Amino acid sequence: MKPLEINENVPLADLTTFKVGGPARYLAQVENEDNLLKAISFAKSANLPTLALGSGSNVLISDAGFNGLAIMNRIQGIEFSATNDSALVSAGAGVDWDYLVNFCTEKNWQGIECLSGIPGTVGAAPVQNIGAYGQSAEEVITGVRAIDSTNSASAEFNKEHCGFGYRKSIFNTEASGHYVITRVSFSLAVNRKPYAEHRDIINFLKNTQNPSLHAVRDAVLSIRKAKGLVISNDSDSFMSAGSFFKNPLVENSLFMKIKEDIEKNGGCENWAWPQSDGSMKISAACIIQTAGFGKGYIYGKAGISPKHSLCIINRGGATASELAAFAELIQKEVWARFTIRLEPEVRFIGFR
Ligand SMILES: Cc1cc2nc3c(=O)[nH]c(=O)nc-3n(C[C@H](O)[C@H](O)[C@H](O)COP(=O)(O)OP(=O)(O)OC[C@H]3O[C@@H](n4cnc5c(N)ncnc54)[C@H](O)[C@@H]3O)c2cc1C
C-alpha cells in the first residue's frame, strides 16, 4: 500500500475550478480508508481542522487559505451487480462523477443520465445532492459510507439518514465538515427509457424518436457546453464553480410582486416553478440579471459568465476576496430590489 504523504503549505488554487485561494497548511491525498484514518489522526494530534476536498468545483477558498489539513479524496473503484431490472453500483468517493455517469450509460443503466457533465467527484455528489435537468442524486443514492473526522469511527448512512433536499443534505448542513465520505451506493434501473422531461432536452431532441440513454447524455453535454457548464478542452469553460447561488423559494404574495417587476423589465423564459407546498421556486439567474448583473457583467477581475448569469467567474487574476465581494454585492442588490436573500450554493472555505 502506498504510504501516506502529508505536505506542508500547499497552494490550493490549482486544485479548484475558480483557480483562487491560498495554501493549505497541510495537504494529504488519500487513496484508501487506512490512509484516510492516518490523515485524520495526524490532524487530531496537531489539533487542526480537516477539509474534505474532491475536485474543488464547488468551493471558494479564501486568499489566506485553509489553516488545517485538506484531505484530497482519491478513493477509486466501482463495484456493481445487476439483475434484469436493477443495477446496484458502489463507487469510491474519488471516482470522477462524469466517469461514473458514462460507465453507467454504457451499461444501459438509467437514473443519472441528466447529471452528465457535472464536474466533481462521486463523494461530493451527496453533499449538495447534485441535480440538473430534472434529476437529482437523491433519487438513486441508497447509501453513503463515511469516516467521522472527529472520532475516526466509520459510519453508514442510508438514504433516509442523509436528509436530502434541494442542494442540501446533512453533509452540508448540520453535519457539515464532520464526515469524510468514502463510498456512495446507487440503485439504477436496467433497460428503462431515459428521463427526458426537461424542456431544454425535449427541445434538443425534438427530431429524435425514442431517444436512447446515450442520446440524452449527449444532449445534456451539448446543452451544458453551450452554457459554458462543461469543463473540457474542447469547449468554452470559465473559471467558476457553476451556479453560485441556489434558486430561491418564495411565498406566493412575494412572487406576484417579483413577477410584475420582471415582466415590466422584459421578462425571463421559464423562470418560476410551482412547488407542492404552494410556494414558488424562482430562477436565481433571472433575478440576478434583472437586478443589473447580466451575462458578461464585469466587476474588476471577477464577473458574470458571458453564457450563464448564475455563474460568477474569475476572469483571470481575481482574488478570492474580490469574488466574495462581488457575490456580496449581488446579494445586496437582489435584496434591495426583491427582498430575496440569495443563498450561496458554493462552499466558502477559510473566510471569517
Ligand atoms: C462548470 C460547473 C458546472 C456545475 N454544474 C452543476 C450542476 O449542474 N449541478 C450541481 O448540482 N452542481 C454543479 N456544479 C457544482 C459541483 O460540480 C458539484 O457541487 C460537485 O458535486 C462538487 O464536487 P467536487 O468533488 O468538486 O467537490 P468540492 O468542490 O471539492 O467540495 C464541495 C463540498 O463538498 C465537500 N466534499 C467534497 N468531497 C467530500 C467527501 N468525500 N466527503 C465529505 N465532503 C466532501 C467539501 O468539503 C465541500 O464542502 C458545477 C460546477 C462547475 C464548476
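Q: Where does N108 lie, and what makes N108 count as partly exposed?
A: N108 lies in the loop between α2 and β8, where helices (H or I, at least four residues) and strands (E, at least two) are DSSP runs, numbered from the N terminus. A residue is buried if 20 or more other C-beta atoms lie within 10 Å of its own, exposed if 12 or fewer, and partly exposed in between, with C-beta atoms placed from the backbone. N108 has 17 C-beta neighbours inside 10 Å and therefore counts as partly exposed. This is a predicted model, in which local features need pLDDT of at least 70 and side-chain atom pairs count only at pLDDT 80 or more, while totals for chains, interfaces and linings use all residues. Residues are numbered from 1 along each chain as its sequence is written.

Q: How do you know on which side of α2 its buried residues lie?
A: The buried residues of α2 are W97, D98, L100, V101, C104 and T105. They cover an arc of only 155° around the axis, which puts them on the same side of α2; the arc is that of the directions from the helix axis to the C-beta atoms. An α-helix has 3.6 residues a turn, so residues three or four places apart point the same way.

Q: What do the buried residues of α2 pack against?
A: They pack against β6 (78-82), β7 (86-92), β8, β13 and α4, where two residues are in contact if their C-beta atoms, placed from the backbone, lie within 7 Å.

Q: How does the reach of α4 compare with the expected span?
A: Helix α4 (residues 213-226) has 14 residues and reaches 20 Å from its first C-alpha to its last, close to the 20 Å expected, the expected span being 1.5 Å times one less than the number of residues.

Q: Which residues of α4 are buried, and what covers them?
A: In α4 the buried residues are L213, V216, R217, A219, V220, I223 and R224. Seen down the axis, these buried residues fall within an arc of 160°, so they line one face of α4. Their cover includes α2 (97-106), β8 (109-110) and α3 (199-204). Just after α4, G228 takes a positive phi of about 70°.

Q: Why is A70 called buried, and which residues does A70 touch?
A: A70, found in strand β5 (residues 66-73), counts as buried because 28 C-beta neighbours lie inside 10 Å. Not counting residues up to four places away in sequence, A70 touches L12, A24, L27, L51 and L53.

Q: What makes M280 buried, and which residues does M280 touch?
A: M280, in strand β17 (residues 280-282), has 20 other C-beta atoms within 10 Å and is therefore buried. With residues up to four places away in sequence left out, M280 touches V250, N252, F255, A272, W273, P274 and Q275.

Q: Which residues are closest to the ligand, and how do the residues of the shell divide by class?
A: The ligand is surrounded by 34 residues, of which G54, G120, G123, A124 and G242 are the closest; a residue is near a molecule or strand if its C-beta atom, placed from the backbone, lies within 6 Å of it. The shell divides into 19 nonpolar, 14 polar and 1 charged, where Ala, Val, Leu, Ile, Met, Phe, Trp, Tyr, Cys and Pro count as nonpolar, Asp, Glu, Lys and Arg as charged, and the others, Gly among them, as polar.
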